[in-house]
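Here is a short tour of the structure shown below. Keep it open beside you as you read the points that follow.

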Amino acid sequence: MKVPSIPQNEQVRLAALHRYVVLDTPPEAEFDDFTRLASQICGTPISLISLVDAGRQWFKSRVGLDLSETPREMAFCAYTILGDQIFEVPDALKDERFADHPLVQGAPDIRFYAGAPLHAADGSNVGTICVMDRVPHTLTDGQRDALEILGRQIIRQLELRTSGARSARDAAFRQAILDSAAASIISTTPEGIITTFSHGSEQLLGFAADEVVGKRTPEIIHDPEEVVARASELTRELGRPVAAGFEVFVCKPSCGNPETRDWTYIRKDGMRIPVLLSVSAILDHQGVLTGFLGVARDITELKRAQADLENVAAELSRSNSDLEKFAYIASHDLQEPLRMITTYLQLLMKRYAGKLDAEADQFIGFAVDGAARLQTLVRGLLTYARIGTGKATAVPVHIAAPIKVALENLKLIIAEKEAMIIEGPMPTVLGDPVMLAQLFQNLIGNGLKFCKGHMPRIGISSRRSGDEWIFSVEDNGIGIEPQFLERIFAIFQRLHSHADYPGTGIGLALCKKIVERHGGRIWVTSECGKGSTFSFSLPAIPGKD
């Protein structure tokens, strides 16, 4: 017995066979009809649908043979799949390939064989429809045609069987998704009749799927007043009448614009549920509208949280306002007694210096210094509170003007330290000139203060970035360690002792508040020992460079 060769496309062929998922499946009447027809048409007692696997041929359907499979090397069909035409052996005893074949020399005593290859969708030969006889035989042309026709029909049946199984799996998968989704998923026909009502929809709305599928439209679960109101909105927006019904939900999606918005669902028991509903069109492979899909999520907890958050925000706003008012009033009312304390302490120092012992002079000096620092702190608090409670004006301000005011206020320090101030070109923005002068004064003052051992050098520059201006105040001072870059804008945050660098810890917090009151943001970049650059943004005047 000669062993048949292996097709060159064997791996592709086996992959095509296994895609049909048909090996070792139970008998099916559709395939049994083909083998009976083949046997009757060809006048043979044996007919098989044979599928050739890697090491065997397995019979999906058989007539006149008890075997369910044979080794591949014994398969006549293994020769058939090597070509594209019917393979025919008129007399196996006279064919050297089969003369000593076990199935020829013994039961079932095959003498005649004819098989038509089964061409899969990709052209691979996955098996055969074959007929056999125990006596020599030759097919007529009509019988050969019939055998090839049957082969094509078998492949069609395999394709249908596979696509049907795939469709069933896909449908089961889609249903599993629908059933497991926490959201309400509802699909409809183009006219609005519900076609799918997910398990999540049943739980959310209290309707059973069989109560609504094929019978109702989603209008039954919507607040009628919201539908009417939305119809009026759409009528004005689109410039055409929009009916207060199903069209309200789909007029935009049907034009290719999915829509997501808040709605109120009405449960079967009348309970109202706020939802976020997304509606989109369902199109077939040719782009034809076949329906609509609505996916809704219950946002009851979220709404209870957009309300709790609003209450907290309102409470925080009131608290902040109260604190700012308290700081303003307290600092304002502290001014007068502090002036009195400072004045009398200074008088004590002037009148009694050297008349008491050295320790008394020292104590009076400490008191005078402390009172002066407290007075500075109160003034800072008053300014900080005033920024928070007062109204900021918004007039065109050429930034060179507030910088000039700031430099004038700092001229003694600038002269004392022989500081170099370099100013670049400045734009005009909308803002409060007093606040902006305070902002530059604080930033420039910091650059002058935190510079030791050499002449301070401060550069002031601006640049346009989109719809805002970026201003920078760069110094050559001591710099800031990276871990402190975020905290320096908080009120009362000081990085150095008062003995090293005097201050209240309010200046940069005040800068941040001023910038934010103008709709900007502030940040700093720095390197220890090489200086810092404080930058802030202010909105540009629309249409003005």
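**Overview**

The protein chain has 16 helices and 18 strands, where helices (H or I, at least four residues) and strands (E, at least two) are DSSP runs numbered from the N terminus. This is a predicted model, in which local features need pLDDT of at least 70, side-chain atom pairs count only at pLDDT 80 or more, and totals for chains, interfaces and linings use all residues. Residues are numbered from 1 along each chain as its sequence is written, and side-chain values use heavy atoms, with hydrogens and water left out.

**Burial and surface**

- Of the 545 residues in the protein chain, 40% count as buried; buried means under 20% relative accessible area, exposed over 50%, and partly exposed in between (1.4 Å probe, protein chains only).
- The protein chain has an accessible surface of about 29,100 Å², and 56% of that belongs to carbon and sulfur atoms; the areas come from the Shrake-Rupley method with a 1.4 Å probe, and for residues only the protein chains shown count as cover.

- Helix α8 covers residues 224-238, and its 15 residues should span 21 Å at 1.5 Å a residue, which agrees with its end C-alpha atoms being 21 Å apart; the expected span is 1.5 Å times one less than the number of residues.
- Val 227, Arg 230, Ala 231 and Leu 234 are the buried residues of α8. Seen down the helix axis, they fall within an arc of 110°, so they line one face of α8; the arc is that of the directions from the axis to the C-beta atoms.
- In general, residues three or four places apart point the same way because an α-helix has 3.6 residues a turn.
- The buried residues of α8 pack against α9 (247-250) and β9 (259-266), with contact meaning heavy atoms within 4.5 Å.
- At the start of α8, a side-chain oxygen of Asp 223 comes to within 3.0 Å of the backbone nitrogen of Glu 225.
- After α8 comes Gly 239, with a positive phi near 70°.

**Salt bridges**

- The structure holds 26 salt bridges, each a side-chain nitrogen of Lys or Arg within 4 Å of a carboxyl oxygen of Asp or Glu.
- One of them pairs Arg 272 with Asp 223, with the closest N and O atoms 2.8 Å apart. Arg 272 lies in strand β10 (residues 272-283) and Asp 223 in the loop between α7 (209-212) and α8, so the pair ties together parts that are 49 residues apart in sequence.
- Arg 272 is partly exposed at 48% relative accessibility, whereas Asp 223 is buried at 7%.
- Arg 230 and Glu 259 also meet in a salt bridge (2.6 Å, N to O). This pair links helix α8 to strand β9, 29 residues apart, and both residues are buried.

**Backbone exceptions**

- Most residues other than glycine have a negative phi, and most peptide bonds are trans.
- Val 21 has a positive phi near 45°; Val 21 sits in the loop between α1 (10-19) and α2 (29-42) and is exposed, at 56% relative accessible area.
- Glu 418 has a positive phi of about 55°; Glu 418 is in the loop between α14 (411-417) and β13 (420-423) and is exposed, at 58%.
- Ala 107 and Pro 108 are joined by a cis peptide bond, with omega about 10°, and Pro 108 lies in the loop between α4 (102-105) and β5 (112-119).

Key. A polar contact is a pair of N or O atoms within 3.5 Å; within protein, one must be able to donate a hydrogen and the other to accept it, and residues adjacent in sequence count only if both atoms are side-chain atoms.
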